[in-house]
Amino acid sequence: MDLQLSGKRALVTGSTAGIGFAIALELAREGALVTVNGRTPEGVAAAVARLRKEVPQAEVGGVAADLSTAYGAEALLRQCPATDILVNNLGIFDPVPFEQIPDSEWLRFFEVNVMSGVRLARHYLPAMKAADWGRIVFISSESGINPPAEMVHYGMTKAAQLSVSRGLAQTTAGTGVTVNAVLPGPTRSEGAAAFFGKLAAEQGVSFEEAERRFFAEARPTSLLKRFIEPAEVAALVTYVCSPRSAATNGAALRVDGGVVPTMC
Ligand code: NAD
């Protein structure tokens with residue numbers, strides 16, 4: 001299928017590693033002009049170099065900006081004032097018992113996971129509507145509809161993204177712009193792999209055994225019974241970014257390995 005992404009400008013936040021990098025790579029392979037983002041110039045330069053190595057003909061740039069603040073968002077928008085496709089991928093997680101999450105952490109999670117995407121969408125959406133074409137994708141999580149007891153604050157932000165995404169989609173009626181959310185399940189990104197590697201070491205077991213236990217005990221409803229690969233999430237996101245997905249708007253699309261045990 002030709003995804004018709006050649007020449008489209010795409011910005012992917014938090015894309016120097018993990019799911020974001022996989023999305024940037026897939027979009028670049030499809031001919032999009034990709035801007036990657038991370039917090040440090042070094043991390044961004046390394047990601048750009050990796051993308052150019054993987055896709056030599058790709059037109060790739062990068063912006064170093066910490067999107068956890070309004071100031072960081074403004075810095076990014078100065079360097080990347082226009083885009084056809086915005087993928088709000090940036091997100092953090094941290095398993096902490098509810099009783100031990102202070103106000104400051106609730107607010108930090110809201111800033112990083114929700115406001116980073118809100119600020120960018122607020123800037124780009126009017127121009128997309130004026131051009132009668134655009135794509136905004138929020139990378140939420142199965143945790144948005146299946147709140148995790150071990151990080152309630154994270155689940156709150158992922159549910160908020162679903163609401164923002166659907167609400168923005170309501171404003172696009174009659175235009176060629178779509179706004180959707182994609183809900184990955186447990187995915188072997190760098191961040192998640194490091195976390196599970198630490199957990200395995202603490203338990204004195206191999207990564208594979210920790211993975212088996214996780215799906216047996218913590219995510220028994222998974223049909224996939226293994227971590228999702230970032231490229232498997234990127235494949236769905238890239239389709240949603242494509243002109244071919246015009247009839248998909250305001251949707252919450254799962255790429256969760258079947259972990260959410262409902263039909264829709
Ligand atoms: P990751 O930790 O592997 O990668 C995060 C990326 O964000 C890195 O490039 C990092 O440099 C960048 N980043 C971190 N803080 C930043 C900031 N303040 N400003 C700019 N960039 C910053 O993450 P991941 O696991 O690939 O997750 C990506 C998204 O997918 C998140 O929104 C996450 O909630 C969601 N998700 C992940 C999983 C999973 O199991 N990995 C499951 C469901 C949803």
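User: What does the secondary structure of the protein chain come to?

Analyst: The protein chain of this predicted model has eight helices and seven strands.

User: How many of the residues are buried?
Analyst: Buried residues make up 50% of the 264 residues in the protein chain.

User: What about the accessible surface?
Analyst: The accessible surface comes to about 12000 Å², and carbon and sulfur atoms account for 57% of that area.

User: What share of the contacts comes from residues 24 or more positions apart?
Analyst: Among contacts with a separation of 6 or more, 74% are between residues 24 or more positions apart.

User: Let us change topic. How many aromatic pairs are there?
Analyst: The structure holds 10 aromatic pairs. One of them joins F93 and Y154, with 6.5 Å from centre to centre and 70° between the planes, an edge-to-face arrangement.

User: Where do F93 and Y154 lie?
Analyst: F93 is in the loop between strand 4 (85–88) and helix 4 (103–131), while Y154 belongs to helix 5 (residues 152–170), so their pair ties together parts that are 61 residues apart in sequence.

User: What kind of pair do F195 and F196 form?
Analyst: Their ring centres are 5.4 Å apart and their planes stand at 85°, so the pair is edge-to-face. F195 is partly exposed, at 26% relative accessibility, whereas F196 is buried, at 7%.

User: Which residues form the aromatic cluster?
Analyst: One aromatic cluster is formed by F93, Y154, F195, F196, F207, F214, F215 and F227.

User: Which charged residue sits over the ring of F21?
Analyst: The residue is R50, whose charged end sits 3.8 Å from the centre of the F21 ring.

User: And what lies over the face of W133?
Analyst: K8 lies over the face of W133, at 4.0 Å from the ring centre.

Definitions and conventions. Residues are numbered from 1 along each chain as its sequence is written. This is a predicted model: local features need pLDDT of at least 70, side-chain atom pairs count only at pLDDT 80 or more; totals for chains, interfaces and linings use all residues. Side-chain values use heavy atoms; hydrogens and water are left out. Rings of Phe, Tyr and Trp (its six-membered ring) pair if their centres lie within 6.5 Å; planes under 30 degrees apart count as stacked, over 60 as edge-to-face and the rest as tilted. Helices (H or I, at least four residues) and strands (E, at least two) are DSSP runs, numbered from the N terminus. Buried means under 20% relative accessible area, exposed over 50%, partly exposed in between (1.4 Å probe, protein chains only). A charge sits over a ring if NZ of Lys or CZ of Arg is within 6 Å of the ring centre and within 35 degrees of the ring normal. Contact means heavy atoms within 4.5 Å. Accessible areas come from the Shrake-Rupley method with a 1.4 Å probe; for residues, only the protein chains shown count as cover.
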